[in-house]
Amino acid sequence: MAEKSATKEAAPTFGELAKAAPYVPPYKDPLPPAQTQAPATGIAAALLHALGKREALPKDGTNEFAHYDYTLSETVFRRVPPILAEAGLHLAALGSGMRSEAGVPVYWTDYRLSHPASGERWDFRRELPCPDAKGKPLDKAALGADTTMLAYTYRGLLSLERAEEVDKGDTTAYTPQTHP
């Protein structure tokens, strides 16, 4: 039986490995520092301006059927278009229609957000299912979806939040529980 060699090669040290490794330069961010980036223009700049004018929306409606408060679409329609107009923006619906997905009607609308001063425009589509609810005819469900979708589109453009109110039925303060 042949004897195995009793001598083992020593493992390389960290220093030896470091000398043998190729040079890798330090990470460099491909984007220039923020202070040297070009300022936002067109729609982006106008939206930044509009964001500075926004305010939280009140919960001024109540859904008696599902028992919750919400912001009325009319409130959104009164508040948002003037903010967009002041920023030089215009939102227009280009077309809408209905399709079916898994047997559920889906209402869609194509929108265009434009900034006439720069000539820039963003086209996008929003969709909302219109399931049969409370016996509403399909035309009423579609028009309700259209109104809801426009309100949520406006809210989304300005990242509008609802003004949160204290639950009227609970006047106790919330105390977080600690766990061992």
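Modeller: Start with the contacts along the chain: counting pairs at least 6 apart in sequence, 53% of the contacts in the protein join residues at least 24 apart. Bear in mind that this is a predicted model. There are 180 residues, and 22% of them count as buried. The accessible surface comes to about 13,700 Å², with 57% of that belonging to carbon and sulfur atoms. As for secondary structure, you have four helices and five strands, and from the N terminus on they run α-α-β-β-α-β-β-β-α.

Now to the packing you asked about. Two packed helices are described by the angle between their axes and the distance between the axes. The pair to look at is α3, residues 73-86, and α4, residues 138-157; they pack at an angle of about 45°, with axes 10 Å apart. That angle makes α3 oblique to α4. As for handedness, α3 and α4 cross in the left-handed sense.

Which residues make the contact? On the α3 side they are Ser 73, Val 76, Phe 77, Val 80, Pro 81 and Leu 84. Facing them from α4 are Thr 147, Leu 150, Ala 151, Tyr 154, Arg 155 and Leu 157. Sort the contact by class and you get nine nonpolar, two polar and one charged residues.

While you are on α3, have a look at Thr 75, which is found in that helix too. Thr 75 counts as buried because its relative accessibility is 3%, and the cut-off for buried is under 20%. Skip its neighbours within four places in sequence, and Thr 75 is in contact with Leu 57, Pro 58 and Asp 60.

With neighbours within four places in sequence left aside, Glu 161 is in contact with Ala 56 and Leu 57. So Leu 57 is a contact of Thr 75 and also of Glu 161, if we go by the 4.5 Å heavy-atom criterion. Glu 161 and Arg 54 are 107 residues apart in sequence, yet C-alpha to C-alpha they are 9.4 Å apart in space. Glu 161 itself is exposed, at a relative accessible area of 56%.

Ser 159 also has its place in the segment after α4. Its phi is near 50°, a positive value in a residue other than glycine, and at 46% relative accessibility Ser 159 counts as partly exposed. His 67 has a positive phi as well, about 60°, and is not a glycine. You'll find His 67 in the loop between β1 (61-63) and β2 (68-70), and this residue is exposed, with a relative accessible area of 67%.

Leu 138 is one of the contacts of Pro 105 once neighbours within four places in sequence are left aside, and α4 covers residues 138-157. Pro 105 is found in strand β4, residues 104-115. Its other contacts include Met 98, Arg 99 and Ser 100, as well as Leu 128, Pro 129 and Cys 130. Pro 105 and Pro 131 are 26 residues apart in sequence, with 6.4 Å between their C-alpha atoms.

Note on methods
Residues are numbered from 1 along each chain as its sequence is written. This is a predicted model: local features need pLDDT of at least 70, side-chain atom pairs count only at pLDDT 80 or more; totals for chains, interfaces and linings use all residues. Side-chain values use heavy atoms; hydrogens and water are left out. Axes are lines fitted to C-alpha atoms, for helices over the stretch in contact, and angles run from 0 to 180 degrees between N-to-C directions. Helices (H or I, at least four residues) and strands (E, at least two) are DSSP runs, numbered from the N terminus. Angles under 35 degrees count as roughly parallel, over 145 as roughly antiparallel, 65 to 115 as roughly perpendicular and the rest as oblique. A crossing is left-handed if the near helix is turned anticlockwise from the far one by less than a right angle, and right-handed if clockwise. Ala, Val, Leu, Ile, Met, Phe, Trp, Tyr, Cys and Pro count as nonpolar, Asp, Glu, Lys and Arg as charged, and the others, Gly among them, as polar. Buried means under 20% relative accessible area, exposed over 50%, partly exposed in between (1.4 Å probe, protein chains only). Accessible areas come from the Shrake-Rupley method with a 1.4 Å probe; for residues, only the protein chains shown count as cover.
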